[in-house]
Amino acid sequence: MGFLNEYCTFKPFSLELLSSCRQFDCEHVDLNEFFANDCINYSGELLGKTYCFSLDENPDIAICLFTISNDSIKTGLLPNSRKNKINRPIPNGKRMHSYPAVLIGRLGVNKDFKRKGIGKELMDFIKSWFIDSGNKTGCRFLVVDSYNEQEPLSYYLKNGFEYLFDNKEDEKSYTGIKTEEPLHTRLMYFDLIILKK
Amino acid sequence: MAIAIKSIPILYGDNAKKFVDKANAAYAVKSTIDFSKQIESANSILEKAKMK
């Protein structure tokens, strides 16, 4: 049994919860700002939904928060011969150029609860949640727009994520960022198909 | 205002080929990583949350 399973309760992060919780601090200014100021509006606009694990013995303490939204990874404009070849392993009628995905827009662990394996447990929970037979929609990939910083990149790599673009210049070009501008985030993905239910 | 969450661009050319090749390679080893303990834990979390 992990910490989240044993000592916490999972719930949607609502305005009521935001108002009653102690200020969430995961030692990252942008993340803290998003969860304090933006995530409720984000949810209200149906752009993404934020979930929380709160501590059972003190529900005012949010242990970790994450925001997810529906997304997809699309591949486009491949010549027919190539298209048929690369899609062959997908079973009858399931060939596609658009793979359903869930985008983890933000994820943070309370600074007072770091280095307890909670980040790994949280990611295992998210993976399990989306391969669960009760999941109402299909989801092949988890995608994250990780901060382009050592700690989060290392976290996602350790949890089996790969870069969507090996090359940072390609990522800038694809996402409309000028060459001279910094790349604040990196798109990474995890293929859920390898996990046995 | 926090940094905007990027949308996922459509992949073309070599980036698309590399991605699809990896997706097909993963499909070839479908369900080979035993995740049953993690799923059991997730189910327990969802039941406690009354979301199961």
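**Note on the salt bridges of this model**

1. In this predicted model, A:Glu27 and A:Lys114 form a salt bridge through their side chains, with 3.7 Å from N to O. A:Glu27 sits in the loop between helix 2 (15-20) and helix 3 (29-44) of chain A, while A:Lys114 sits in the loop between strand 4 (98-109) and helix 5 (118-131), so the contact ties together parts of chain A that are 87 residues apart in sequence. The relative accessible area of A:Glu27 is 52%, and the residue is exposed; the cut-off for that class is over 50%.

2. A salt bridge also links the side chains of B:Lys52 and A:Asp132, at 2.7 Å from N to O. Because B:Lys52 belongs to the segment after helix 2 (36-48) of chain B and A:Asp132 to the loop between helix 5 and strand 5 (141-147) of chain A, this pair joins two chains. A:Asp132 is buried, its relative accessible area being 14%.

3. B:Lys22 and A:Glu162 make a salt bridge in which the closest N and O atoms are 2.8 Å apart. The lysine is in helix 1 (residues 13-28) of chain B and the glutamate in strand 6 (residues 162-163) of chain A, so this pair joins two chains. B:Lys22 is partly exposed at 31% relative accessibility, and A:Glu162 is partly exposed at 31%.

4. A:Glu27, A:Lys114 and A:Glu151 belong to one network, joined by salt bridges that share partners.

5. Over all chains, the count of salt bridges comes to 12. Among them are the pairs A:Glu27 with A:Lys114, B:Lys52 with A:Asp132 and B:Lys22 with A:Glu162.

How values were computed: Residues numbered from 1 in each chain as written. Chains lettered and ligands numbered in written order. Predicted model: local features only at pLDDT ≥ 70, side-chain atom pairs only at ≥ 80, totals over all residues. Heavy atoms only, no water. Salt bridge = Lys/Arg side-chain N within 4 Å of Asp/Glu carboxyl O. Helix = DSSP H or I, 4+ residues; strand = E, 2+ residues; numbered from the N terminus. Buried < 20%, exposed > 50% of the residue type's maximum accessible area, 1.4 Å probe, protein only.
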